[in-house]
Amino acid sequence: MNVSPSASRIESIDRNYSRSESFLDANSVPEQGCLSIVVLGASGDLAKKKTFPALFNLYRQGFLQPSEVHIFGYARTKISDDDLRDRIRRHLVHGKEASSSHSEDVEKFLQLIKYVSGSYDDEGGFRLLDKEISEHEVAKNSQEGSSRRLFYLALPPSVYPSVCKMIRYHCMNRSDLGGWTRVVVEKPFGKDLSSAEELSLQLGELFNEKQIYRIDHYLGKELVQNLLVLRFANRLFLPLWNRDNIDNIQIVFREDFGTEGRGGYFDEYGIIRDIIQNHLLQVLCLVAMEKPVSLKPEYIRDEKVKVLKSVLPVEDDEVVLGQYEGYRDDPTVADNSNTPTFATVILRIHNERWEGVPFILKAGKALNSRKAEVRVQFKDVPGDIFKSKKLGRNELVIRLQPSEAMYTKLTVKKPGLEMSTIQSEMDLSYGMRYQGVTIPEAYERLILDTIRGDQQHFVRRDELKVAWEIFTPLLHRIDDGKLKPLPYKPGSRGPVEADELLAKAGYVQTHGYIWIPPTL
Ligand SMILES: NC(=O)C1=CN([C@@H]2O[C@H](COP(=O)(O)OP(=O)(O)OC[C@H]3O[C@@H](n4cnc5c(N)ncnc54)[C@H](OP(=O)(O)O)[C@@H]3O)[C@@H](O)[C@H]2O)C=CC1
Ligand SMILES: O=C1O[C@H](COP(=O)(O)O)[C@@H](O)[C@H](O)[C@H]1O
């Protein structure tokens, strides 16, 4: 039976839309024909919370056509197709969307999913998977070799090498008639420079770089994708974006919950490997890199590598680590764990544009709020005749989440008869400005990029290497117990020493001014 999402929604979408011709290689192959999406680790947390919901959203918007697409879940757990569908279903249905058409779409989508059980290092399971995929391709009248196979590894990295080997030897597209095989791998890509290099080497022997998509979901966030546009399409910012005008830049990630259910994983990695070395560093690249020759993925990634190579070694006195009280109560966390759940790390970029400007990367779990933002603080106005220095500096804040927004903190005349000044803002809040527009989920966007063969928002091998080069010495000092995290109370701002470091780095807090996201 052929199922399709509501026709009205499909009509409104141009499926051949490409984000911009210059984003794609001139010789990229046409993206059509039978498509098999295989989610490995389908029984896991990421798969049910992010991967399948993202596929569902793509399906609902008409980007995954039932006439072309089949979705396979693969894992060791012995469950039926329907068991997997039941696990996924509740992550697709939200209270406000429980309309009958939504529920219908959910059921139709779930029917596209088939489950195959097998281990991650056993040929039997992967042969069976290949057989199932091939049967689906034949059923869709796909010419051998013209079909597309996308493997999404929602798995712990320890099994990447064996899984990739199995895919390479048992599940590849037979020949090349415009079809392809692509593999999406999740972070963390290794634990330090040498383990990451070893993983890259192992994967590199099995697949070429064009087939490997190292996903960092921060690169799929709307306001992260906006960074290059903001910087390079606006004359307003071009002349200001340098050490002459900018005093310091903060890139901040806060979560108001702890490691909840992921303590075992987290304790092995810690906040620097979980958030800073990847998500925040990727954002730093887009904030600090030079203008690429064009929007071609390789040009953008070349510039990211260049700026990363200019980062100086991290100094211990520019690091504050924290661990929230109660973290070690988790039975999966070691009683004497030295793992930081909070870190502020200052990076310094040794180049003409950024010499002397601290990039303050801050991330923490179990803090007082959940938000992620880039805060660019400008220098004081020279020869200030309004004595407004005390009030605060200009800041450009790019709020990645929640309530996506860009706003600039300005000093303006306080309305009224007196000539006095006040802090205010110019505010582009997406909820207000783009009413009725649904901002896509990061995973949705990145999976679509993978299907289209656009690697712009994925991490290249050399980029990953430099990212690990920056953090590995510091991580080893922490692993060896040479640096210790300070305790902080859950629900606080983190250790006070972090705020002191911020002030030492030059950040001037504006007291008595808080930006409140406007509501409709
Ligand atoms: N969860 C999240 O929010 C995020 C996760 N990630 C990354 O995504 C990947 C998957 O994460 P997540 O879904 O949370 O992981 P899970 O721990 O839920 O693992 C996914 C699946 O892998 C199998 N598995 C688990 N442990 C092992 C093991 N030691 N050896 C072999 N198989 C194992 C299990 O399936 P079975 O036993 O059925 O085979 C499990 O259902 C990881 O790399 C993670 O770092 C990245 C960003 C966010
Ligand atoms: O990669 C990860 O990201 C999530 C936070 O993602 P967000 O999109 O909600 O900001 C974090 O909770 C998790 O620890 C980390 O592995």
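How far is a nitrogen atom of ligand 1 from an N or O atom in the side chain of D45? The separation is 2.9 Å.

This is a predicted model, in which local features need pLDDT of at least 70 and side-chain atom pairs count only at pLDDT 80 or more, while totals for chains, interfaces and linings use all residues. Residues are numbered from 1 along each chain as its sequence is written, chains are lettered from A and ligands numbered from 1 in the order in which they are written, and side-chain values use heavy atoms, with hydrogens and water left out.

View 1. Polar contacts (pairs of N or O atoms within 3.5 Å) include one between an oxygen atom of ligand 1 and a backbone N or O atom of L46, at 2.7 Å, and another between an oxygen atom of ligand 1 and a polar backbone atom of K187, at 3.0 Å.

**View 2. Surroundings of ligand 2.** Of the 13 residues around ligand 2, Y218, K221, E255, D274 and Q401 come nearest. A polar side-chain atom of K187 is placed 2.7 Å from an oxygen atom of ligand 2, and for K365 a polar side-chain atom likewise lies 2.7 Å from an oxygen atom of this ligand. An N or O atom in the side chain of R262 is 3.2 Å from an oxygen atom of ligand 2.

How values were computed:
A polar contact is a pair of N or O atoms within 3.5 Å; within protein, one must be able to donate a hydrogen and the other to accept it, and residues adjacent in sequence count only if both atoms are side-chain atoms. A residue is near a molecule or strand if one of its heavy atoms lies within 4 Å of it.
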